[in-house]
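This report covers strand pairing, salt bridges and nonpolar cores. Please look over the sequence and the structure first.

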Amino acid sequence: VGGHNLGNSAIELDDGYLVSGALNRNSSLIKLDKETGSTIFSKTYNNGGTDAFEHAALTPNGIVAVGYIYAQDSNNTFYTEGQGYVMFLDEEANELNSINLNSYISQAYRVQYVNNELIISGLSDEAFDFKLIKMSLDGNVLWHKSYGGSNYDHCFGMDIGNDGSIFLAG
């Protein structure tokens, strides 16, 4: 096993870029220097089975990364049918805390920090519905919602408007 690497998303930081993904089927965060592209750090986390981070956001406490663990399809990069996962890390990407979100979401694709809270989007078990979670910075789920019809619904994108409106795409 190994050689299965993913770069799922990147966010811009003041001094670089933070890439979320997987290295050898384990969740990873890689920080790159903005000027040179050189690696500032590369951290890997074995969170359970085949796992990956899909996205990350900066908060006043550090970094929050979301993704999945225990993928049923270890070679799929599109929809792995795993368990939703969130990890809280310091600014150097050292783990502070993590939470299995499987009772709310099967795969977490996007996270944004807004108004001192986290908005996490993704999809439900077997991709039947879009899922949305509002969470406090200490990891308490404030609410969670499902959206979708009678067919498969894959929620892969999210943005939040200046007025707080949440836009989901997939």
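Leu23 has Asn26 as its bridge partner in β3. Strands here are DSSP runs of E with at least two residues, and helices are runs of H or I with at least four, numbered from the N terminus. Two strands pair if DSSP finds at least two bridges between them. β2 and β3 pair over eight bridges, in the antiparallel sense. Two residues lie between the strands of this hairpin, and Asn24 takes a positive phi near 50 degrees there.

This is a predicted model, in which local features need pLDDT of at least 70 and side-chain atom pairs pLDDT 80 or more, while totals for chains, interfaces and linings use all residues. Residues are numbered from 1 along each chain as its sequence is written, and side-chain values use heavy atoms, with hydrogens and water left out.

## The sheet β1 to β4

The β2–β3 pair belongs to an open sheet of four strands, ordered β1-β2-β3-β4, with antiparallel pairing. β1 and β4 are the edge strands with a single partner each, so one side of each has no neighbour in the sheet. From one strand to the next, the twist averages 15 degrees. Axes are lines fitted to C-alpha atoms (for helices, over the stretch in contact), and angles run from 0 to 180 degrees between N-to-C directions.

β1 and β2 are antiparallel and share six bridges. Ala10 stands opposite Val19 of β2. The hairpin from β1 to β2 passes through three residues.

## Salt bridges

How many salt bridges does a search of the whole structure find? The search finds three. A salt bridge needs a side-chain nitrogen of Lys or Arg within 4 Å of a carboxyl oxygen of Asp or Glu.

Lys34 pairs with Glu12, with the closest N and O atoms 2.7 Å apart. Lys34 sits in the loop between β3 (26-33) and β4 (39-45) and Glu12 in β1 (residues 6-12), so this pair ties together parts 22 residues apart in sequence. Accessibility has three classes: buried is under 20% relative accessible area, exposed is over 50%, and partly exposed is in between (1.4 Å probe, protein chains only). Lys34 is partly exposed at 29%, and Glu12 is exposed at 54%.

Asp15 and Lys31 form a salt bridge at 3.1 Å, N to O. Asp15 is in the loop between β1 and β2 (16-23), Lys31 is in strand β3, and 16 residues separate them. Asp15 is partly exposed at 40%, whereas Lys31 is buried at 12%. Glu117 and Lys134 form a salt bridge with closest N and O atoms 3.2 Å apart. Glu117 is in β10 (residues 117-123) and Lys134 in β11 (residues 130-136), so the pair ties together parts 17 residues apart in sequence. Glu117 is partly exposed at 21%, as is Lys134 at 22%.

Seven bridges join β10 to β11. Ser121 has Leu132 in β11 as its bridge partner. Gln107 is found in strand β9 (residues 107-114). Gln107 is buried, at 0% relative accessibility. Its side chain makes a polar contact of 2.8 Å with the side chain of Tyr109. A polar contact is a pair of N or O atoms within 3.5 Å; within protein, one must be able to donate a hydrogen and the other to accept it, and residues adjacent in sequence count only if both atoms are side-chain atoms.

## Nonpolar cores

A nonpolar core is a set of buried Ala, Val, Leu, Ile, Met, Phe, Trp, Tyr and Cys residues joined through side-chain atoms within 4.5 Å. The largest has 15 residues, of which Leu18, Leu29, Tyr45, Ile63, Leu89 and Ala93 touch the most other members. β4, β5 (52-59), β6 (62-69) and β7 (83-89) each give two or more residues to this core.

Neighbours within four places in sequence aside, Ala93 is in contact (heavy atoms within 4.5 Å) with Leu29, Phe41, Lys43, Tyr45 and Ile63. Another core of 14 residues lies apart from the largest one, and includes Phe88, Leu101, Leu118 and Ile120.
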